[in-house]
Amino acid sequence: MIKPWKRIGVAAALAIIVSSCAAVAQTAPPVGGPPTLVRESLPNGLTLIIQDHRSADIVAVYLWVGTGVRYEKLDGRGFAHFQEHMLFKGTDTFGPGVIDRTIEGQGGRSNAFTSFDYTTFQIQVPSDGTRKALDLLEAMAFRSSFEPKEIDAERKVIFEEANIETDTPKSNIIRQLYGLVFPGHPYGRPVLGTPETLNAGNRERLKAFNQQYYTPENMVLVVVGPVDAKAIRTMVDETFGKRPKTGYVPPQAPPLTPLKGVICKTVERPEQQALLALGWPAPSLSNSDSFAVDLVATILGGTESARLPKTLRDGERLVSGISVSNSSMQLAGIFYVQAQLEAADVDKAKQRILEELGRLEKDGPTEEERQLAVTKAESEHAFAYETTDGVAAAYGITQLTGNLDDELRYVDRLRAVTRDQIRDAARKFLPVTDYACIAFVPRGK
């Protein structure tokens, strides 16, 4: 499974404990506030985050590994995602299917997905299944068997995933847009790889990939639920903590090339309705400008009454649907507008999108728009953090690819963004003279 990341934030009231084997610093939670968050570094380099969260008797045990598309060699494209599949297909002590049956037998569920910067394996179980979840994740990460028969079977599954993505216009147009916004960079490559590289993925190469990147120093383990931090630390010491430090050094990040001018293409498709997408490189997850760009996305298209739906869809009837997203990654982000429309209206709709963006860059948002955008973010944040899943997801991604401290203060940081900062961020990152665009139009029209 592949999945992008859109930051959702977390309340700033959480206190943090940062500790190592040498010293422990502790900050008490505010009176009446949420329980303390614990963040520790194990002697072998693994980062452990524990959050007591008592909304239900469900514990989220999520493992995040610093490997994704941008870590792959050209002849190993798709290996990070291939690896994700194979870690569910048996270890040195149990065969295929045991992981899923064991988790389901505990009354839990599992998931996994691969992105450009990371791969994550996620297990949710009742609290009494926490140790079993840790045992399974440790076995998957370090002792997967990569049996040739299972590799061949999963390769076919991934080929089918690729076919589904190609046949799904809304996801395929964004994948192709990434390639235009990040030409020559790993962020522009397909997460699923290519038929040639996947066919070259044998046991030897996949195990070598695992041994290179699946190391404690390159992992973040997040445990969220009704848990005791000391008990969790003991469990982790007895599982992940026994793995030796490897001296892992992350590969050098590939440079990003600024997008200059207008890069557009048109693709004929069998569907009867056209799609249009415009994209710009955006700030990374740890860039302070990302807060303002998040609000730009909401003001332009984040609600039914936002500028683009209100004008292009409801007023001018140029599009049947339109949305705006700001997706943050470790090295950069991508800001894009996606619309469903008739083929005859593609050029006019693109012009109007740029005009509305130019208007925001000239005059900035109204105070009412700013406040509504912040309120929407607060609502999404509160909803996401009602569950152990939402908390574990936000903590893991931001610790690995951004700044967890920013995530803990996300809502407060967002509230502090001014109208002028929103306008200036739009001017800085979304120039109407430099962007990429792609249109899917009905074949023969």
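Which two cysteines form a disulfide, and how far apart are their sulfur atoms? The pair is Cys264 and Cys437, with 1.7 Å between the sulfur atoms. The model is a predicted one, in which local features need pLDDT of at least 70 and side-chain atom pairs count only at pLDDT 80 or more, while totals for chains, interfaces and linings use all residues. Residues are numbered from 1 along each chain as its sequence is written, and side-chain values use heavy atoms, with hydrogens and water left out.

A disulfide is a covalent bond between the sulfur atoms of two cysteines. Here it is assigned when a pair of cysteine sulfur atoms lies within 2.5 Å, and by this rule the count comes to one disulfide. The link of Cys264 and Cys437 is right-handed, with 120° about the S-S bond. It joins distant parts of the chain: Cys264 belongs to strand β9 (residues 262-269) and Cys437 to strand β13 (residues 435-442), 173 residues apart. Strands are DSSP runs of E with at least two residues, helices are runs of H or I with at least four, and both are numbered from the N terminus.

Cys264 counts as partly exposed because its relative accessibility is 36%. Cys437, at 4% relative accessibility, counts as buried.

Next come two helices. Helix α4 (residues 148-167) and helix α5 (residues 169-181) pack at about 95°, and their axes are 5 Å apart. That angle makes α4 roughly perpendicular to α5, a label given to angles of 65 to 115 degrees; under 35 counts as roughly parallel, over 145 as roughly antiparallel and the rest as oblique. The axes are lines fitted to C-alpha atoms, for helices over the stretch in contact, and angles run from 0 to 180 degrees between N-to-C directions. Glu165, Thr166 and Asp167 of α4 make the contact (heavy atoms within 4.5 Å) with Pro169, Ser171, Asn172 and Arg175 of α5. By class, the contact has one nonpolar, three polar and three charged residues.

Backbone angles are the last topic. Most residues other than glycine have a negative phi. Phe146 has a positive phi, near 55°, and is found in the loop between α3 (130-143) and α4. At 2% relative accessibility, Phe146 counts as buried. Arg317 is not a glycine either, and has a positive phi of about 55°. Arg317 is found in the loop between α10 (307-315) and β11 (319-328), and counts as exposed at 65% relative accessibility.

Terms used:
Ala, Val, Leu, Ile, Met, Phe, Trp, Tyr, Cys and Pro count as nonpolar, Asp, Glu, Lys and Arg as charged, and the others, Gly among them, as polar. Buried means under 20% relative accessible area, exposed over 50%, partly exposed in between (1.4 Å probe, protein chains only).
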